Amino acid sequence: MTHAPYPHLFTPLDLGHVTLPNRVLMGSMHTGLEETGDWNRVAEFYAARARGSVGLMVTGGMAPNPEGGVFPGAAGLYTPADIDNHRVVTGRVHDAGGRIAMQILHAGRYAYGPDCVAPSALKSPISPFPPKELDEAGIEKQVADIATAAARAREAGYDGVEVMGSEGYFLNQFLVTHTNRRTDRWGGSYENRMRLPLEVLRRVRAAVGPDFIVIYRLSMIDLVPGGSTWDEVVQLAREVERAGATMINTGIGWHEARIPTIATSVPRRAFAWVTRKLMGEVAVPVITSNRINTPEVAEAVLAEGCADMVSMARPFLADADFVAKARAGRAAEIAPCIACNQACLDHTFSGKISSCLVNPRACHETGLVYTPAAAPRRVAVVGAGPAGLMAALVAAERGHAVTLFEKSGRLGGQLNLARRIPGKEEFDGLVDWFTTMIDRAGVVLRLSTAPEAAALAEFDAVIVATGVTPRDPGIPGQDGANVLGYAEVLQGAPVGRRVAIVGAGGIGFDVAEFLAHDGPSATLDPALWRQEWGVADPAEARGGLAPGGPRPAPPAREITLLQRKPEKPGRRLGKTTGWIHRAALKMKGVKMLSGVTYERIGPEGLHVSCGAGREGPMLVEADTVVLCAGQEPARGLADNLAAAGVAAHAIGGANVAAELDAKRAIDQGARLAAAL
Ligand code: NAP
Ligand code: SF4
């Protein structure tokens, strides 16, 4: 049977002892669910994705032993008792018609604990713990533990394992001189440095037998100094195949690399060309990954011969039914992963359970359930930003009769500002998805309408999602012709060559990016993006690091970004993406000033003083001053409703503007509507 729009994606993949129904792999993600000890919840997370028809799933990384866990207490398969827990997961996935492989992840020097081990005693830049150098017996223990974990995975009912050999973890650390300074048989020549990963793979294969999927995740472009050459990558891939791998998956960049690899500003399918270089070098199927988030992109990658299979991870947090919807010709209904990391990786790295900005049910499948409404009600939602859109959508899907009012002529609210920032183009897809879903759910739309409180009295429930208004920073001279608000700037108001930005929060950073930029967005131009970040072909430069480093386009303006707090600007941006925003602005020569007091604005620019004592008045020369000083709740309607005695629920920015982002707005909208 052919699937007209995506014929390659829905071509079965014959692995010998088993045939996968399609070419989509759900890549490994650490969700934190296993560590809750609630294995029913873990099972439901994977079963929901199995019901959504993905070809094969890989679990989050499971430690083979305590020293290899990403942090003390990380989930693993180190004792026979763990097997029963994992059986709950595999049983539920198989009942749902799916297949699942367990990733075995030994973190090596990335393990966030004092017992970490590595080929050499070299601390990683992203961990405070120096690893112990393994001796011969220590190495044998690690290999044996990984092989034992594989055997236990089979016993637990998994369809396969993925051996994590990339991203700078333990196996990867043996491969490159950057982390392997050994002079024994495990270090020195490339043959010696490959010995550990290959020994691991041979022992894993011996432990699980021939009729079991073994994926090896191979770092194809390390993006760190001293990384592998392309010849080494090909040599390793061939040996990996000989050692018994069923498939080879692509790893891109070490965690300590200073080049973004999955953030939203990375172009879609930015690294498929790297996987493509391996096609034809090995006979086993090759899987590609990174920034593939729609069926169209996945299909193109396969059609162009970049890989035999496509791995997507975060898109399955955004929508468990990605594959089923693509197969049914309903791709427009797939909730898009916008690669923001805000609810997934940022949570993981803060010790919180992962979820998804666009799908608050992700990893909360058992706790947040959208059941049909027992008694359908007439619901008014005022404001079609992320909070109002999600509330309207969930309420309507549950069977309520929903009317959505929006004072402007379009849906999206502040998302329409975010989508104008170079590098945030994915927000387009989010607005499109809401538009499709609101229509399908039968929500009655009242655009260009701001209802008065009295007009809402006829509804059974009123949700106020009127958003925010910009905070007034009260700086003398801010009424001058050279002063603009961020919304005016993002909507295209003319801005001079020298700019001072008041406020270095998320929006201040975004506005700086917008104004520093000229010409096409590098996110839409992969060659330009590689040049900006210094990514080269690993066949020409070891590790794929361009010899000249990053070569950003010259900035369009001279920009100074200011804040009153004395801390480093951008410290509160996303945990896994803040460094990218800071690095991008640094490359554009944006100056940053902290600990200032805004004294006044004149035609010549912004006058500030510094420090608690307001020392050294100075002028930041600027043709334009842009105000990005945060937000206040737009509560007018909520207050009027309260005065009129109409009960209403305020959500999103209209509720609390501080620290507001789309993640909280959408989550709050979903939870309120789930309970109506
Ligand atoms: P924000 O992150 O709270 O930043 C507000 C900025 O204004 C701060 O730099 C603050 O620094 C300054 N400020 C506050 N009161 C001021 C006053 N009275 N006078 C002058 N300056 C003042 O808010 P935002 O930038 O408006 O962003 C809104 C939300 O959207 C945030 O939660 C943000 O995380 C989110 N967002 C996120 C991203 C992202 O990349 N993840 C991008 C855009 C927006 P000082 O008080 O130190 O001066
Ligand atoms: Fe994708 Fe953002 Fe959801 Fe993570 S939180 S899965 S990056 S949309």
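Me: What joins E22 to E23?
Reply: A hairpin does, through 2 residues. E stands for a strand, a DSSP run of at least two residues, numbered from the N terminus. This is a predicted model, where local features need pLDDT of at least 70, side-chain atom pairs need 80 or more, and totals for chains, interfaces and linings use all residues.

Me: How many bridges join those two, and do they run parallel or antiparallel?
Reply: 6 bridges, and E22 (residues 596-602) and E23 (residues 605-610) run antiparallel. Strands count as paired if DSSP finds at least two bridges between them.

Me: Which residue in E23 is the bridge partner of Ile601?
Reply: Leu606.

Me: New topic. What's the strand order in the open sheet?
Reply: E15-E14-E13-E16-E27, with parallel pairing. E15 (444-446) and E27 (649-650) each have a single partner strand, so one side of each has no neighbour in the sheet.

Me: How is E14 joined to E15?
Reply: By 3 bridges, with E14 covering residues 401-405. Thr403 in that pairing sits opposite Val444 of E15.

Me: Which residues lie nearest its centre?
Reply: Cys337, Cys340, Cys344, Cys356 and Leu357, out of 15 lining residues (those with an atom within 4 Å of a point).

Me: And how do I read the numbering?
Reply: Residues count from 1 along each chain as written, chains are lettered from A and ligands numbered from 1 in written order, and side-chain values use heavy atoms, without hydrogens or water.

Technical notes
On a 1 Å grid over the protein atoms alone, a cavity is a set of points where a 1.4 Å probe fits but cannot get out, and a pocket is an open set with protein on both sides within 12 Å along at least five of seven lines; lining residues have an atom within 4 Å of a point. Helices (H or I, at least four residues) and strands (E, at least two) are DSSP runs, numbered from the N terminus.
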